[in-house]
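This report concerns a predicted model. Please consult the sequence and the structure shown below while reading.

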Amino acid sequence: MDAAAKTSVVPPPAHTDGDHQPGKEPQAGAAPKVNKPVRARQDDRWKIFSGTANDALAKDICDFLGLPIGQACITKFSDGETYVQIEENVRGADVFMVQPTCDPVDVHLMQLLLLIDALKRASARRITVVIPYFGYARQDRKDKPRVPISSKLVADLLTTAGADRALVVDLHAPQIQGFFNIPVDHLFASPVLVDYFRKRQFPDLTVVSPDAGGVERARFFAKKMDSALAIVDKRRVQMDETEVMNVIGDVKGRACLILDDIIDTAGTLVKTSQALLDAGAREVHACATHPVLSGPAIERIAKSGLAEVVVTDTIPLSEAARNEPKIIVRSIAGLIGRAIQSIHEETSVSKLFL
């Protein structure tokens with residue numbers, strides 16, 4: 001199906017080749033509502049635009065800040081080429097482009113690159129790419145012969161397209177910031193997730209890292225929750241399949257919270273939860289920033305022993321995910337909105353960290 005979601009309904013001009021006929025893309029899924037705007041704003045030199053990847057989140061960010069969303073046309077020609085047009089004046093403006101590079105990753109990445117180029121050629125003073133979910137982040141090193149470092153390539157593409165700075169959320173590896181040759185503000189979703197689980201008031205909570213690589217993230221979360229820490233040792237047998245080996249730490253009779261940055265096929269998550277239950281955990285909850293939820297993820301979560309899976313809206317959920325009662329969504333529109341305001345006003349972003 002030809003796609004084009006956008007903030008304006010004006011069609012693009014006809015392609016030079018008469019055989020090309022642009023169509024429209026479906027809108028992204030709805031995201032949770034957020035708080036009222038911080039205050040209404042009339043600053044026409046401060047603009048927020050969105051691609052089609054998560055326009056609901058972009059609108060929530062604008063609602064939080066009291067700003068209208070920028071007018072842009074994004075369509076596809078019949079041969080699959082993406083067409084974009086900025087439909088309002090951005091000359092001299094401080095522009096923020098919101099676009100997670102989620103599924104379909106390459107389509108949304110190409111949209112982002114074209115939108116950046118359009119803004120640059122329209123004389124925007126500064127272009128900040130706001131990427132709630134940074135696709136290709138897991139390809140951050142050469143783990144086999146003759147493979148690319150894809151996350152570095154994506155960082156170079158964004159910079160070459162004309163981005164002046166980047167705002168990202170929970171990178172898979174914090175070192176990815178070093179792949180950029182522009183300033184990067186790296187936000188963490190932990191304030192939103194910690195707030196949710198503090199309200200649950202578990203008396204005997206243990207925060208669990210599903211692998212050794214996530215220990216630092218789990219330790220930070222456990223400190224904020226004033227809880228114990230455990231680690232699940234696992235052995236990866238295929239690229240996206242894992243085999244859980246054993247639990248390190250005391251989980252018997254306790255409520256466990258599995259913490260990860262991404263839930264993809266949910267294989268690791270479900271096997272980790274089962275390992276914790278087998279080790280005597282009373283109940284198992286899970287939370288993650290990015291709900292990729294590809295393949296059999298939703299079915300696995302539904303059939304698992306997990307009590308709930310709490311995620312953020314960096315990626316719009318599919319209809320099946322929205323209908324799964326175990327999956328709970330918390331919005332990070334306010335967190336990103338405050339970061340955008342700080343960048344625009346040239347104030348510190350570090351106040352947003354726990």
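Across the whole structure, the search returns 1 cavity of 30 Å³ or more.

Its lining consists of Tyr133, Phe134, Ala137, Val169, Asp170, Leu171, His172, Asp261, Ile262 and His290. Sorted by class, the residues lining the largest cavity comprise 6 nonpolar, 2 polar and 2 charged. Rolling a probe the size of a water molecule over the atoms shows where empty space is left.

## Helix H1

Helix H1 spans residues 55-65 and is mostly covered, with 9 of its 11 residues buried. The buried set is Asp55, Ala56, Leu57, Ala58, Asp60, Ile61, Cys62, Phe64 and Leu65. An α-helix has 3.6 residues a turn, so residues three or four places apart point the same way.

Strand S1 (46-50), strand S4 (94-98) and helix H9 (333-344) are the elements against which the buried residues of H1 pack. Glycine 66 follows H1 and has a positive phi, near 75°.

## Helix H4

In helix H4 (residues 190-200), the buried residues are Ser190, Pro191, Val192, Leu193, Val194, Tyr196 and Phe197. Their cover includes one helix, H5 (215-225). It also includes strand S11 (255-263), strand S12 (283-291), strand S13 (308-312) and strand S14 (327-330).

After H4 comes glutamine 201, where phi is positive, near 55°.

Strand S2 (residues 72-76) and strand S3 (residues 82-86) run antiparallel and are joined by 5 bridges. One of the pairings can be named by residue: alanine 72 has isoleucine 86 in S3 as its bridge partner. In a regular strand the side chains alternate between the two faces of the sheet.

S2 and S3 form a hairpin, with 5 residues lying between the two strands. In the turn, glycine 80 adopts a positive phi of about 100°.

## Cysteines

How many disulfides does the structure hold? The number is 0. A disulfide is a covalent bond between the sulfur atoms of two cysteines.

Are cysteine 62 and cysteine 256 buried or exposed? Cysteine 62 has a relative accessible area of 2% and is therefore buried, the cut-off being under 20%. Cysteine 256 is likewise buried, because its relative accessibility is 0%.

Methods:
Residues are numbered from 1 along each chain as its sequence is written. This is a predicted model: local features need pLDDT of at least 70, side-chain atom pairs count only at pLDDT 80 or more; totals for chains, interfaces and linings use all residues. Side-chain values use heavy atoms; hydrogens and water are left out. Buried means under 20% relative accessible area, exposed over 50%, partly exposed in between (1.4 Å probe, protein chains only). Helices (H or I, at least four residues) and strands (E, at least two) are DSSP runs, numbered from the N terminus. Contact means heavy atoms within 4.5 Å. Two strands pair if DSSP finds at least two bridges between them. On a 1 Å grid over the protein atoms alone, a cavity is a set of points where a 1.4 Å probe fits but cannot get out, and a pocket is an open set with protein on both sides within 12 Å along at least five of seven lines; lining residues have an atom within 4 Å of a point. Grid points are joined across faces, edges and corners, and a volume is the space filled by probe spheres set on the points. Ala, Val, Leu, Ile, Met, Phe, Trp, Tyr, Cys and Pro count as nonpolar, Asp, Glu, Lys and Arg as charged, and the others, Gly among them, as polar. A disulfide is a pair of cysteine sulfur atoms within 2.5 Å.
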